[in-house]
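Subject: The structure we talked about

Dear colleague,

Here is the structure I promised to pass on, and below it I describe what turned up in two parts of the chain. Please keep it open beside this message as you read.

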Amino acid sequence: MPDVSAAQGAPEDPASPASPGTGTGTALVDQPVEQVPGTWTTMVWNDPVNLMSYVSYVFRSYFGYGKDKAEELMMQVHTDGRAVVSSGSREKMETDVTAMHRYGLWATVQRDD
């Protein structure tokens with residue numbers, strides 16, 4: 001990315017604050033900031049309370065995963081301590097986390113970077 005501040009005549013001392021209207025500050029970009037929708041994930045965490053069979057049942061019941069996929073995710077929760085069980089918009093992931101909490105599972109929403 002080119003150094004815009006040097007091309008716009010920014011002050012030599014980067015520590016000096018720019019003042020509006022003085023012509024010495026950083027140039028403003030007229031283009032709007034584009035909001036890129038991010039992907040969010042629902043993370044289910046291992047806990048000492050729920051049985052492995054129950055966790056698998058929840059994944060099959062709520063997400064509609066097949067038995068193999070549900071057990072794979074359950075084993076990931078059990079062995080790695082967590083598993084990403086769904087991804088999508090933030091609102092959808094918050095809905096999924098709320099559902100997991102209703103089933104008694106520990107779950108969080110995370111931004112997938």
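Helices here are DSSP runs of H or I with at least four residues, and they are numbered from the N terminus. Please bear in mind that this is a predicted model.

Just after the helix called α4, Gly104 takes a positive phi of about 90 degrees. The helix α4 itself covers residues 90-102, which makes 13 residues, and from its first C-alpha to its last it reaches 18 Å, close to the 18 Å expected at 1.5 Å a residue. Its buried residues are Met93, Asp96, Val97, Ala99 and Met100, and they lie on the same side of α4 because they cover an arc of only 160 degrees around the axis. An α-helix has 3.6 residues a turn, so residues three or four places apart point the same way. What covers the buried residues of α4 includes β1, α2, β2 (82-88) and β3 (106-112), whereas Glu91 and Arg102, on the other side of α4, are exposed.

Leaving aside neighbours within four places in sequence, Asp47 is in contact with Gly104, Leu105 and Trp106.

Technical notes
Residues are numbered from 1 along each chain as its sequence is written. This is a predicted model: local features need pLDDT of at least 70, side-chain atom pairs count only at pLDDT 80 or more; totals for chains, interfaces and linings use all residues. Side-chain values use heavy atoms; hydrogens and water are left out. Contact means heavy atoms within 4.5 Å. Helices (H or I, at least four residues) and strands (E, at least two) are DSSP runs, numbered from the N terminus. The expected span of a helix is 1.5 Å times one less than its number of residues. Buried means under 20% relative accessible area, exposed over 50%, partly exposed in between (1.4 Å probe, protein chains only). The arc is that of the directions from the helix axis to the C-beta atoms.
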